[in-house]
Amino acid sequence: MGQQGLCRLMLRFNLYKRTNIILQHLKMSQRTDAAAEVLLERKGCAGVITLNRPRFLNTLTLNMVQQVYAQLKKWEQDPETFLIIIKGAGEKAFCAGGDIRAVSEARNTNQEMLRVFFRDEYILNNAIDSCQKPYIALIHGITMGGGAGVSVHGHFRVATEKSVFAMPETAIGLFPDVGGGYFLPRLQGKLGYFLALTGFRLKGRDVYTAGIATHFVDFEKLGMLEEDLLALKSPSKENIADVLETYHAKSKIGQDKPFVLEEHMDKINSWFSANTVEQIVDNLQQDGSSFALEQLKVINKMSPTSLKITLRQLMEGSSKTLPEVLTMEYRLSQACMKGHDFGEGVRAAAASERCLCSLAKSPEAPVLLYRLGKPQPC
């Protein structure tokens, strides 16, 4: 082989090597991006989970669910891990729910993904409930849908003045899953039924008053609280509770304000005691007050199928264990994926996007769009 031939061969070899290196970097980048959706770290005495999709309000993907479950089980068996903390990256959200866009797309392209996503998410919800280590969720910012599933079943939930809690699933043809059939009917009176059917948003200290959070801490003190928890030496559940209670007792924000629904609770308990959606609607119409008519207007915008499923889900779930409820909800989720309302609800939410900044007057649309995988508005 002549010198020119050798040079051409070397050039091809070098190009091959460079191409291989680039491909390897791309694969590594993709793996890193996927892993970066959730950060799993050992800090001090604790395992710390950070939901790391702030541009999408930390909505949950299947990858995140599976990583969190696997690590949770490892920390549960680790004698050096005494507590588990879960929080969301950024200041806007703890977790706005599941990645609805991915779920919606899978209805037409990947039925197996639908089965796995809901199954694994509910398995994680149950694992949090049965976790042998104290589990602390810092539910600052938006906490909705799947965000409730990875927080409310834990031992402790810490809200701040910027917390926003809701279960808005009836607006997009679903039902308040992730164990909603278990924890919602166990809230005071018929509050859980009201929240489930209307998607009403609780904010700030009301998240604590309603029983969703176990403690309330000023947002500016949240970092200090986390540091104090991490600094504990071989803490017991009681030690952790003492630290949380100390911060809770010092918080004065919103302390003198009555619960946002306090003046309406007697009527809510009466309206939502009905056994059918039709009777609830009749109750609201007959009442005729501005608050009743406001709720009637909201309910009339929801998926009729979802409303009926949700009411039955809560009635059945009120006497079931969490594992029984999650089994029921898994079956319901698969039925909803085959139905019409979910696809239409997602399509309508996406179609109404226009400019996200212009949706400020619609309380549901922005969060639904974030859950659809739309980035935050400028």
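Modeller: A contact here means heavy atoms within 4.5 Å. Helices (H or I, at least four residues) and strands (E, at least two) are DSSP runs, numbered from the N terminus. This is a predicted model: local features need pLDDT of at least 70, side-chain atom pairs count only at pLDDT 80 or more, and totals for chains, interfaces and linings use all residues. Residues are numbered from 1 along each chain as its sequence is written, and side-chain values use heavy atoms, without hydrogens and water.

Colleague: Which residues of α10 are buried?

Modeller: Ile 240, Val 243, Leu 244, Tyr 247 and His 248. Buried is under 20% relative accessible area, exposed over 50%, partly exposed in between (1.4 Å probe, protein chains only).

Colleague: How are they arranged around the axis of α10?

Modeller: They fall within an arc of 135 degrees, so they line one face of the helix. The arc is taken from the directions from the helix axis to the C-beta atoms.

Colleague: What covers them?

Modeller: The cover includes β3 (83-88), β5 (135-138), β7 (156-159), α8 (205-209), β10 (215-216) and α9 (222-230).

Colleague: And which exposed residues sit on the face turned away?

Modeller: Glu 238 and Lys 250.

Colleague: New topic. Where is Asn 283?

Modeller: In helix α12, residues 277-287.

Colleague: Buried or exposed?

Modeller: Asn 283 is buried, because its relative accessible area is 18%.

Colleague: What does Asn 283 contact beyond its neighbours within four places in sequence?

Modeller: Ser 270, Trp 271 and Ala 274.
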